[in-house]
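Morning, everyone. I'd like to talk about aromatic rings today. Here is the model.

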Amino acid sequence: MIEFSSLNKWFGALHVLSDISLSVAKGEVVVVCGPSGSGKSTLIRCVNGLEPFQKGKLIVDGTELGGSEASLRDLRMEVGFVFQQFNLYPHKTALENVTLAPVHVRKLSKAAAEERGRALLEKVGLADKMENYPHQLSGGQQQRVAIARSLAMQPKIMLFDEPTSALDPEMINEVLDVMVSLANEGMTMMVVTHEMGFARKVADRVMFMDRGAIVEIAAPETFFTTPKNDRTRDFLSKVLQH
Amino acid sequence: MFWMQLDRVMGYWPVLLKGISMTVSLSILSLMIGVMLGFAFGMIRAGRNRMLAQIVGLYVDFFRGTPFLLQVFIVFFILPEIGIELSAFASGVVALSNVAACFIGEIVASGIKAVPLGQSEAAASSGFTRVQQMRHIVLPQAVRIVTPALVGQFVLLIKDSSVVSAIGLLDLTRSGWVIVQSVPNGLLVFGIIGFSYFVICYPLIYLSRRMERRGQATIL
């Protein structure tokens with residue numbers, strides 16, 4: 001479904017992604033962790049073309065990245081992206097946030113889009129917040145709207161870029177719960193997060209990145225109990241002690 | 001003496017009215033053209049095409065950096081030399097809407113740049129085209145940010161329209177010149193003219209202040 005082959009990216013002289021090769025199968029959930037600045041966000045931003053790269057190849061759902069604007073747009077319709085800062089449209093209600101792309105990009109009728117939108121907002125537990133504007137919602141509620149907004153396009157792949165990092169601790173679980181149920185439904189997911197409980201519960205593989213490279217990737221069982229690399233061990237001891 | 005003069009000025013109400021209607025129609029027409037052109041300028045200025053942005057930037061800076069009276073003269077006296085002959089009214093509209101577009105363009109560009117990048121990233125991630133991102137996501141937010149500044153600019157435009165009296169248009173200012181020739185009390189006549197401008201502009205000033213107070217959180 002997602003196929004990186006020797007992908008490289010530089011910001012000027014800084015080598016932010018070095019020789020990334022990785023293959024994510026359909027229905028697989030891959031959790032990406034690593035210290036800040038390790039390139040994990042940049043990596044998943046490459047998957048839907050938010051970041052260009054200079055060398056190597058990336059094929060997502062049969063489309064090679066780096067092609068025409070039109071093919072990138074077609075691809076983005078199939079790939080949902082959830083941001084750390086939610087990025088909800090502040091001038092639209094929760095329901096409008098969710099229906100905007102289906103109406104204008106998928107060309108769904110307004111009625112059909114609203115029906116889908118209501119169902120999704122119900123699914124993420126926000127049936128009573130449909131007419132609220134983002135600034136009237138808590139962080140956790142906003143992030144759930146953002147997830148519903150991505151799902152409204154009925155994507156084949158969902159990408160999460162630190163979806164709970166900007167949330168107050170008591171709101172993290174409501175967002176993780178939605179992501180867990182999504183994973184259980186068989187969605188292909190790449191998730192950048194430090195929520196190791198989530199990784200343990202739903203990840204098929206956990207990946208550790210440092211300085212732009214994949215250091216270690218393994219099934220969660222192996223990854224957490226017998227990490228091979230020193231840097232992985234060091235990182236895990238820091239994030240797991242609480 | 002004062003009351004007699006006031007009475008005589010009031011006798012000139014048809015001239016005054018004509019001036020007011022000229023000023024208002026000139027302003028409204030220039031405002032509409034200036035807004036449309038200004039939004040185009042603004043989108044180019046904030047857009048990705050560096051080259052185009054710089055060309056428009058140069059054009060805008062030129063008109064923001066030269067006296068408006070001079071621009072009116074160029075349109076009215078110089079353009080005919082190269083075969084573009086415009087009536088005084090058309091010249092006024094061209095010069096006014098052009099200068100309005102230049103100022104409005106910079107305001108709109110600053111508004112577009114003030115919308116967080118995450119907004120267009122979110123929209124792009126859902127498959128919106130550039131044009132759709134601009135239309136549905138970025139511009140509505142940009143407009144909300146700059147509305148108070150825009151309305152302030154509209155007030156300036158109305159006041160700047162007085163300059164076109166220099167090419168013979170009977171606007172509010174010129175109607176003052178006409179009246180003062182038979183009622184030799186400049187303070188009185190231009191006091192009335194000034195008050196008339198204020199009456200036209202004040203609703204806009206009031207509107208702008210109210211919008212500023214309500215802030216950006218409110219949804220229009």
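Predicted model: local features only at pLDDT ≥ 70, side-chain atom pairs only at ≥ 80, totals over all residues.

Let me start with a definition. A charge sits over a ring if NZ of Lys or CZ of Arg is within 6 Å of the ring centre and within 35 degrees of the ring normal.

Take A:Arg200. Its charged end sits over the ring of A:Phe224, 4.6 Å from the centre. Now A:Arg149. Here the ring belongs to A:Tyr89, and the charged end is over it at 4.5 Å from the centre.

On to ring against ring. How many aromatic pairs does the structure hold over all chains? Twelve. One of them joins A:Phe208 and A:Phe235. The centres are 5.0 Å apart, the planes make 40°, and the pair is tilted. Where do the two residues lie? A:Phe208 is in strand β9, residues 205-210 of chain A. A:Phe235 is in helix α9, residues 230-240 of chain A. So the pair ties together parts that are 27 residues apart in sequence. Buried or exposed? Both A:Phe208 and A:Phe235 are buried.

Next, chain B. B:Phe2 and B:Trp3 pair edge-to-face, with 5.3 Å centre to centre and 80° between the planes. B:Phe2 has 43% relative accessibility, so it counts as partly exposed. B:Trp3 is at 65%, so it counts as exposed; the cut-off is over 50%.

Last item, also in chain B. Ring pairs link four residues into a cluster: B:Phe41, B:Tyr59, B:Phe62 and B:Phe63.

That's my tour. Thanks.

Technical notes
Residues numbered from 1 in each chain as written. Chains lettered and ligands numbered in written order. Heavy atoms only, no water. Phe/Tyr/Trp six-rings, centres within 6.5 Å; stacked < 30°, edge-to-face > 60°. Helix = DSSP H or I, 4+ residues; strand = E, 2+ residues; numbered from the N terminus. Buried < 20%, exposed > 50% of the residue type's maximum accessible area, 1.4 Å probe, protein only.
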